[in-house]
Amino acid sequence: MMAAAVVAERLQAMDTDASHEALAELITALIAASNAAFPVRFQTLLALFKMHVAEEGGLMRASRYQGIAEHEGEHHRVLGELVQLNLSIRRGRIALARAYVKDGLAPWFDLHLATMDAALAAHLRRTAQPN
């Protein structure tokens with residue numbers, strides 16, 4: 001198991017929530033993006049989401065989080081959808097990706113933060129407390 005100090009440090013970093021904030025900002029920017037700007041911003045979102053999934057996955061494994069299967073399952077499902085949509089964007093078809101970001105990803109992200117990420121944060125707080 002991780003040393004309490006390392007878990008506390010990572011939790012503190014998670015509390016600043018830079019990656020969540022960046023993802024939220026990118027989602028908002030994508031919704032408002034012109035057709036010309038959309039592909040580049042989508043690429044940035046995809047890259048950041050991959051990093052975020054890896055970071056949170058590492059925290060969950062290191063802290064032996066019991067909800068890891070469900071949490072990572074959601075991450076991988078959404079990542080798979082983003083990868084598939086990226087293929088369409090590369091072929092010049094952005095309408096479906098634009099609709100997904102607005103009507104699928106944005107509400108999913110809000111729900112994910114309020115449920116799965118909140119549960120993970122609570123777990124990390126408990127793990128960080130001295131015995």
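Of the contacts in the protein chain with a separation of 6 or more, 73% are accounted for by residues 24 or more positions apart. The model under discussion is a predicted one. Its protein chain comprises five helices and zero strands, so that the order of elements from the N terminus on reads α-α-α-α-α. Of the 131 residues of the protein chain, 40% count as buried.

The packing of helix α2 (residues 18-32) against helix α5 (residues 95-128) was examined in terms of axis geometry and residue composition. These two helices pack at an angle of about 160 degrees, and their axes lie 9 Å apart. The angle makes α2 roughly antiparallel to α5, because values over 145 degrees fall in that class. The crossing in which α2 passes α5 is left-handed. On the α2 side, the contact is formed by His20, Leu23, Ala24, Ile27, Leu30 and Ile31. These residues meet Arg98, Val101, Lys102, Leu105, Ala106, Phe109, Leu113 and Asp117 of α5. By class, the residues of the contact of α2 with α5 divide into 10 nonpolar, one polar and three charged.

A corresponding analysis was made for α3 and α4. The angle between α3 and α4 is about 160 degrees, with a distance of 10 Å between their axes. The two helices are therefore roughly antiparallel to each other, and α3 passes α4 in a left-handed crossing. The contact of α3 with α4 contains 15 nonpolar, seven polar and five charged residues.

Attention then turned to the nonpolar cores. In soluble globular proteins, nonpolar side chains tend to be buried together. In the present model, the largest nonpolar core has 25 residues. Within this core, the residues with the most contacts are Phe38, Phe42, Leu45, Phe49, Leu82 and Leu105. Two or more residues are given to this core by each of α2, α3 (38-62), α4 (68-90) and α5. Among the core residues with the most contacts, Phe49 was considered individually. When neighbours within four places in sequence are left aside, Phe49 is in contact with Leu23, His75, Val78, Leu79, Leu82 and Trp108. A second, separate core consists of five residues, including Leu59, Met60, Leu120 and Leu124.

Two further positions in α3 were characterised by accessibility and by spatial relation to residues elsewhere in the chain. Pro39 is placed in helix α3. Its relative accessibility is 25%, and Pro39 therefore counts as partly exposed, a class that lies between the limits of 20% for buried and 50% for exposed residues. Apart from neighbours within four places in sequence, Pro39 is in contact with Ile89 and Ile94. The C-alpha atoms of Pro39 and Gly92 are separated by 8.7 Å, although the two residues stand 53 residues apart along the chain.

Lys50 also lies in helix α3. With a relative accessibility of 44%, Lys50 likewise counts as partly exposed. Between Lys50 and Leu82, the C-alpha to C-alpha distance is 9.9 Å, at a sequence separation of 32 residues. Leu82 is itself among the residues with the most contacts inside the largest nonpolar core, and Leu82 is one of the contacts of Phe49.

Terms used:
Residues numbered from 1 in each chain as written. Predicted model: local features only at pLDDT ≥ 70, side-chain atom pairs only at ≥ 80, totals over all residues. Heavy atoms only, no water. Axes fitted to C-alpha atoms, helices over the stretch in contact; angles between N-to-C directions. Helix = DSSP H or I, 4+ residues; strand = E, 2+ residues; numbered from the N terminus. Parallel < 35°, antiparallel > 145°, perpendicular 65-115°, else oblique. Left-handed = near helix turned anticlockwise from the far one by under 90°. Contact = heavy atoms within 4.5 Å. Nonpolar A, V, L, I, M, F, W, Y, C, P; charged D, E, K, R; others polar. Core = buried A, V, L, I, M, F, W, Y, C linked by side-chain atoms within 4.5 Å. Buried < 20%, exposed > 50% of the residue type's maximum accessible area, 1.4 Å probe, protein only.
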